[in-house]
Amino acid sequence: KHQVACWGEQNWGEVPPGCSGLWADSPSPLQNFTKAGESDATRCATREELLRRGCALEEVVEPRGRHQVLEDAPLSDSAEQETVTQLAPQKIALWLRPGEQHSFSVRFKRAEGYPVDVYYLMDLSYSMKDDLENIKKLGNDLLAALRNITKSVKIGFGSFVDKTVLPYVSTVPAKLRNPCPDRYEQCDSPVSFRHVLPLTDNASEFESRVSQQRISGNLDSPEGGFDAIMQAAVCEEQIGWRNVTRLLVFTSDDVFHTAGDGKLGGIYLPNDNQCHLDTDGLYSKSHIYDYPSVGHLAQVLSASNIQPIFAVTGSTLPVYQELSRLIPKSVVGELKEDSSNVVQLISDAYNSLSSTVNLEHFQLPPGVSVAYESHCEGANHSLGGHGGVCSGVHINQLVSFTVTVQADACLEGPHTFALRVLGFTEEVRVELQTLCDCPCGQPEPNATHCSGGHGTLTCGVCSCSPGRVGKLCECELAEATDLEAGCRGRNGTGPTCSGKGQCVCGQCQCNSNVRGQHCECDDTSCERHDGQLCAGQGRCQCGSCLCDEGYTGGACDCSLDTRACLQDGVECSGHGRCVCNKCQCQPGYFDRLCSRCTSCRTPCEEHRDCADCQAFRMGPLSQNCSIACNHTVATVVPEATVNEQWCKEKTDDERILIFLIEGMEGGKVALKVKDKDGEHLEGTSMIVLGLVLGIVVIGLLVIIAYRISVEILDRREYMRFEKERERAKGNEVNNPLYQSATTTVINPRYNED
């Protein structure tokens with residue numbers, strides 16, 4: 001009474017996109033849907049295949065994706081209500097068939113007066129000295145500006161400089177105590193991050209605590225702001241964050257250190273994403289953990305629902321604008337040199353952030369994708385894969401998103417993921433399950449269909465009771481082995497079930513894709529072409545391809561179409577025949593359309609002489625041109641743009657003839673010949689040769705002239721040298737320097753005589 005079939009384009013044991021079943025509650029001529037020898041796996045097929053094989057349409061069970069809203073509290077108009085709801089529905093159960101998409105709607109409405117937490121994080125390096133004086137006075141102004149938007153506002157304060165190791169700050173004890181450039185000026189010791197004031201609604205306390213802060217200093221230009229942002233985000237209890245809109249105002253006048261920079265100070269451990277504030281509110285492990293990366297910071301801020309506002313000076317504005325593109329739900333504002341516009345900047349930034357609704361998903365299971373379509377009702381919208389966005393949304397304006405979910409494969413058990421509007425803690429919990437089983441109903445024990453109650457009918461298949469076997473549990477296990485003769489061929493020889501199945505109760509139960517009384521018919525043994533069974537243009541039936549219309553051949557790889565063989569209505573250029581939509585050329589011919597042959601002249605060679613004689617009355621056909629070339633018409637063109645379609649042929653008298661074959665004109669071939677382009681190759685060669693010889697001769701003359709001039713100069717120098725030497729000899733005679741000195745000494749002994 002019951003038949004079941006499951007369908008899926010993939011193997012049922014791998015990753016099916018789902019299942020479909022045949023289910024009949026009343027007797028039906030399709031009671032035995034599977035034929036003799038067919039496996040129960042043949043119940044799984046495409047809808048078209050099941051219908052072709054005779055399955056009634058009403059018996060095809062085809063589960064589809066669906067969803068059920070489990071929680072859907074109404075949206076609130078005001079934050080003064082006891083329970084504020086801005087995102088709906090809150091919980092959805094979703095069943096997906098792998099490979100198919102399913103959509104549901106999510107709604108969001110900004111409630112008026114929704115609470116806001118603002119944590120002010122300030123750079124206290126020495127260059128921010130004048131800014132600190134203005135920040136000390138902004139408590140009342142900032143709270144007053146935000147209270148124009150919402151009545152519940154809290155504000156906190158923290159400061160940062162940089163890691164207290166070289167080369168970021170000077171580690172000289174005196175400089176650690178007072179890092180100011182002027183030793184007579186008092187500055188606070190540098191810190192990586194100091195949590196000064198938890199979130200409070202007391203403006204006087206804010207101003208009092210901030211007024212106690214003093215400026216500090218460091219050595220290098222980049223600051224350690226990323227460390228401070230990370231600690232402010234993960235230390236929720238110390239900061240005092242509520243489950244409301246969270247804003248982090250980051251003020252600085254310089255760029256930032258990021259992951260990897262810590263190695264300069266011997267810090268190599270990556271940031272551990274943990275809170276390390278001591279009892280004094282100081283980040284105590286800045287010398288152990290490196291700065292966080294931009295991606296790490298963006299992930300933590302998004303998970304904590306913190307929206308950063310980067311209030312920076314004009315010189316660093318481009319850097320922080322690029323940073324803002326990498327951090328979701330962040331804005332950048334230009335801070336004046338003395339921070340005098342910080343209140344207006346924060347107010348404008350909050351309005352910009354709160355008017356942008358960005359719906360994104362979190363904790364998505366692997367193999368599942370989500371797409372969004374925004375319905376903003378007058379506001380600006382965008383269509384995206386990772387999130388839906390509506391900008392310019394006003395308070396109490398309803399916006400909705402169509403969320404489309406798709407699973408690529410079956411998932412093990414139920415999974416849960418969340419949809420959340422960035423900057424808000426509310427979320428939509430989606431409980432996801434994939435439909436990968438047949439909904440066949442409850443098993444029927446002792447079913448009549450199973451040989452009168454010898455088995456349990458489940459999804460149309462009998463699960464036999466102990467001691468019973470067979471497709472319908474029709475025989476006992478003890479006698480099943482004596483019936484194997486019925487599973488062999490006609491002569492009772494050969495392997496049982498052709499080696500492609502099992503013999504049960506004297507009947508073959510064939511493997512998948514095999515059928516027949518003795519499993520002799522294999523629907524996967526047909527010829528393949530390009531790796532596809534029957535070339536993908538037919539279906540395999542018992543080892544033979546049944547080709548689709550327009551195809552033939554053992555593998556359905558031969559197309560009966562002839563359009564690829566035709567050109568101007570001529571099949572294979574008259575030199576071959578069309579077989580399987582491809583030309584088979586006669587001997588000596590080749591090319592796709594058999595248009596060329598080894599002994600044939602090319603069209604350019606064939607029409608060269610006619611173009612020459614008709615255009616210039618030259619060439620071998622010049623004497624009988626009108627008779628020999630009555631099938632062509634040549635036109636001389638003075639100027640033409642020559643490309644690869646033009647013929648460039650060498651004539652018998654060494655000229656280059658350039659012409660174009662344009663096709664038929666009045667039954668004749670039209671030729672367009674370029675005028676006076678046939679210069680003699682010999683004349684060209686002589687010109688080239690003359691130029692080469694001229695260059696060589698001129699070069700030799702230059703070398704000879706150079707050598708002669710050098711020789712003349714050498715001779716002149718030598719003659720000058722000889723004259724100087726002769727003159728030097730004459731001077732030696734009269735010059736006392738060159739005469740020998742004589743000294744006369746008188747001996748006194750001889751003088752007495």
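Q: Let's start with a pocket: which residues lie nearest the centre of the second largest pocket?
A: One thing before that: this is a predicted model, where local features need pLDDT of at least 70, side-chain atom pairs count only at pLDDT 80 or more, and totals for chains, interfaces and linings use all residues. Residues are numbered from 1 along each chain as its sequence is written, and side-chain values use heavy atoms, with hydrogens and water left out. Now the general idea: rolling a probe the size of a water molecule over the atoms shows where empty space is left. On a 1 Å grid over the protein atoms alone, a pocket is an open set of points with protein on both sides within 12 Å along at least five of seven lines, a cavity is a set where a 1.4 Å probe fits but cannot get out, and lining residues have an atom within 4 Å of a point. Here, Ser 573, His 575, Ser 595, Arg 596 and Pro 603 lie nearest the centre, out of 15 lining residues. The space in this pocket comes to about 440 Å³.

Q: Which elements each supply at least two residues of that pocket's lining?
A: Elements are DSSP runs numbered from the N terminus: helices (H or I, at least four residues) and strands (E, at least two). For this pocket they are β38 (589-590), β39 (596-597) and α12 (603-616).

Q: What about the largest cavity: how much space lies in it?
A: About 110 Å³. Its lining has 15 residues, with Arg 110, Ala 111, Tyr 114, Tyr 350 and Ser 354 nearest the centre. Helix α10 (residues 342-354) gives the largest share of that lining, three residues.

Q: Why is helix α6 said to be largely enclosed by the rest of the structure?
A: Check how much of each residue a probe can reach: buried means under 20% relative accessible area, exposed over 50%, and partly exposed in between (1.4 Å probe, protein chains only). In α6 (residues 225-234), nine of the 10 residues are buried, so the helix is largely enclosed. Among them are Phe 226, Ile 229 and Met 230.

Q: And is Ala 640 in a helix, a strand or a loop?
A: Ala 640 is in the loop between β40 (632-637) and β41 (647-650). With a relative accessible area of 25%, Ala 640 is partly exposed. Leaving aside residues up to four places away in sequence, Ala 640 touches Trp 646 and Lys 674, where contact means heavy atoms within 4.5 Å.

Q: Now strands: in what order do the four strands of the open sheet run?
A: Two strands pair if DSSP finds at least two bridges between them. The order here is β4-β6-β17-β14, with antiparallel pairing. β4 (87-88) and β14 (368-375) stand at the edges with a single partner strand each, so one side of each has no neighbour in the sheet. β4 pairs with β6 (residues 101-109) over two bridges, and Leu 87 has Phe 108 of β6 as its bridge partner.

Note on methods: Points joined across faces, edges and corners; volume = space filled by probe spheres on them.
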